[in-house]
Amino acid sequence: MTKGGDPDILTDFVIPPNLSATNITGSFFTYTALRTLKGTPTFSVTKVSMAEFPALNGQSVSYAVLQYPAGTANPPHVHPRSAELLLLLDGTLEVGFVDSTANNKLYTQTLEAGDIFVFPKGLVHFQYNSDAKETALALSAFGSANAGTSSLPKALFATDIDDEVLAISFKTDVATIQKLKAGLA
């Protein structure tokens, strides 16, 4: 049986190699970067994972704060190492995910402030603020200190995958693929 997820640790917490146990204080367990959240003109994600907050190493949790100005989207993406639990704090969002069955069923929902939606681990999902005037704010929790994110538009059109391969895969022509790539440059 294969089991995925963060490894279990044998201590209460993991001390980074550059610190000693005697140098650890309460500040090691405190993350303050969210104090400076500001409204943004484009969709933005502020991650609070093991990379940004080393105290999460071995704890199997992380967060992200997502800000959606009017008419913006978090494009289709996957988290290969964790499910995502999204709490909408303000505004409304259209959300959805695609299951991995042969028929690729799409599950969608309109969320209002206070609603929680779960995106199953490893499945393609998105969020969209369809409101033309109001912003939306959400908090996502992950069951991994390093959930990982693979944005499908970037993974497909902002890498070195051959244009011909993409054109064949999407049943289009190379010129269309190049236009898509140019839009992500």
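Begin by selecting F97, Y107, F117 and F119, which form one aromatic cluster. The model is predicted, so local features require pLDDT of at least 70 and side-chain atom pairs count only at pLDDT 80 or more, whereas totals for chains, interfaces and linings use all residues. Residues are numbered from 1 along each chain as its sequence is written, and side-chain values use heavy atoms, with hydrogens and water left out.

**Aromatic pairs**

The structure holds eight aromatic pairs. Rings of Phe, Tyr and Trp (its six-membered ring) pair if their centres lie within 6.5 Å; planes under 30 degrees apart count as stacked, over 60 as edge-to-face and the rest as tilted.

Keep F97 and Y107 selected: this pair is stacked, at 5.1 Å centre to centre and 25 degrees between the planes. F97 belongs to strand β5 (residues 92–98) and Y107 to strand β6 (residues 106–112), and the pair links distant parts of the chain, ten residues apart. Helices (H or I, at least four residues) and strands (E, at least two) are DSSP runs, numbered from the N terminus.

Next, colour by relative accessible area, where buried means under 20%, exposed over 50% and partly exposed in between (1.4 Å probe, protein chains only). F97 is buried at 12%, while Y107 is partly exposed at 34%.

Then select F157 and F170, a tilted pair with 5.5 Å centre to centre and 40 degrees between the planes. F157 lies in helix α1 (residues 152–157) and F170 in the loop between α2 (163–169) and α3 (174–184), so the pair ties together parts that are 13 residues apart in sequence. F157 counts as buried, with 11% relative accessibility; F170, at 45%, is partly exposed.

**The largest pocket**

Now select V45, K47, N74, H79 and T149, which lie nearest the centre of the largest pocket, among its 24 lining residues. A pocket is an open set of points on a 1 Å grid over the protein atoms alone where a 1.4 Å probe fits, with protein on both sides within 12 Å along at least five of seven lines; lining residues have an atom within 4 Å of a point. The volume of the largest pocket is about 420 Å³, taken as the space filled by probe spheres set on the points.

Show β1 (44–48), β2 (62–68), β3 (73–78) and α1, each of which supplies at least two lining residues. The largest share, four residues, comes from β2.

Finally, colour domain 1 (1–148) and domain 2 (149–184): both give residues to the lining, so the largest pocket lies between them. These bounds come from an automatic or database domain assignment.
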